[in-house]
Amino acid sequence: MPQYDRSASHTLVAVPLVGNLGSPKRTRAAGIVVALLVALVFCSALPALALAAPRGHAAGLRDGCANTSVLATSASAQTMRNAVVCLVNYERARYHLPPLTQVSKLTASAQSYTAEMVRDNLVSHTAPSGSTPGARITAAGYRWSWAGENIASGFTTPLSVVSAWMLSQGHCYNILAPVFSNIGVGVSPHAAATASGPATWTQDFGLPLGAHAPSGNWGPADSCH
């Protein structure tokens, strides 16, 4: 079966710059969890910081996106990344949200952690070493004011994984969060944990430190269910 981390909750939390959790600034209970996935969302107090997760049909073109139903076991990682990002931006465009741009540092963070989950046979936002999404994104050299992560294993195509994310309240909320401008995607053709088959995926989201959020429209994210 596809896998997710059942311990994660979908909560937006204020985080002081020293890194200790502060009082909740914006909270939401976890909603429907479809398939096995995980979403984390946090935000920092100064400047606004956040940790956070499209709906896609047919091999070839879907909603203007190529390769959405191509198996991760038979395509390059970059082909899979491009399909995932295209589907994410399709979902955002439906709600008039600005598109996300792939950046190499977030891609490096997402790809490295995808490989780590497969190697360590787990699906969790916290690695055995104790690393967390924000720490990994920072270590990749991405200085962020908002950042986020979605993970999943056991979904064979870009369409299957982003469709499941969009049917999960937390992941939908993350994909439609208006504060992100950048994205990186990691993919491995191998399963992690007890997923019944390939592949394993990571999405890392970010807004660079000092940049303005591209939108303030939380309505689409708040409508996820």
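1. Confidence. In this predicted model, the pLDDT (the predictor's confidence in each residue, from 0 to 100) is lowest in the protein chain in strand β1 (residues 11–15), with a mean of 23, and highest in strand β7 (residues 101–102), at 98. The average for the protein chain is 77, and 72% of the residues score at least 70.

2. Conventions. Because the model is predicted, local features need pLDDT of at least 70 and side-chain atom pairs count only at pLDDT 80 or more, whereas totals for chains, interfaces and linings use all residues. Residues are numbered from 1 along each chain as its sequence is written, and side-chain values use heavy atoms, with hydrogens and water left out.

3. Overall content. The protein chain comprises six helices and 10 strands; helices (H or I, at least four residues) and strands (E, at least two) are DSSP runs, numbered from the N terminus. Of its 225 residues, 52% count as buried. Buried denotes under 20% relative accessible area, exposed over 50%, and partly exposed in between (1.4 Å probe, protein chains only). The accessible surface of the protein chain is about 9,000 Å², and 58% of this belongs to carbon and sulfur atoms; accessible areas come from the Shrake-Rupley method with a 1.4 Å probe, and for residues only the protein chains shown count as cover.

4. Strand β8 (residues 144–153) and strand β10 (residues 200–208) pair in the antiparallel sense over nine bridges; two strands pair if DSSP finds at least two bridges between them. Within this pairing, Leu-207 of β10 is the bridge partner of Trp-146, and Gly-206 of β10 stands opposite Ala-147. Strands β9 and β10 also run antiparallel, joined by seven bridges, with Trp-201 in β10 as the bridge partner of Val-187. Both β8 and β10 are mostly covered: 10 of the 10 residues of β8 are buried, as are eight of the nine in β10.

5. Helix α4. Eight of the nine residues of helix α4 (residues 158–166) are buried, so the helix is largely enclosed by the rest of the structure. The buried residues include Leu-159, Val-161, Val-162, Trp-165 and Met-166.

6. Aromatic contacts. The structure holds three aromatic pairs. Rings of Phe, Tyr and Trp (its six-membered ring) pair if their centres lie within 6.5 Å; planes under 30 degrees apart count as stacked, over 60 as edge-to-face and the rest as tilted. Trp-146, Tyr-173 and Trp-218 form one aromatic cluster. Elsewhere, Arg-136 lies over the face of Tyr-113, at 3.5 Å from the ring centre; a charge sits over a ring if NZ of Lys or CZ of Arg is within 6 Å of the ring centre and within 35 degrees of the ring normal.

7. A cis peptide bond joins Pro-198 and Ala-199, with omega about 5°; Ala-199 lies in the loop between β9 (182–188) and β10. Asn-67, although not a glycine, has a positive phi of about 65°. This residue is in the loop between β6 (65–66) and α1 (77–94) and is partly exposed, with a relative accessible area of 29%. Asn-121 likewise is not a glycine and has a positive phi, of about 55°. Asn-121 is in the loop between α2 (104–120) and α3 (133–139) and counts as partly exposed at 47% relative accessibility.
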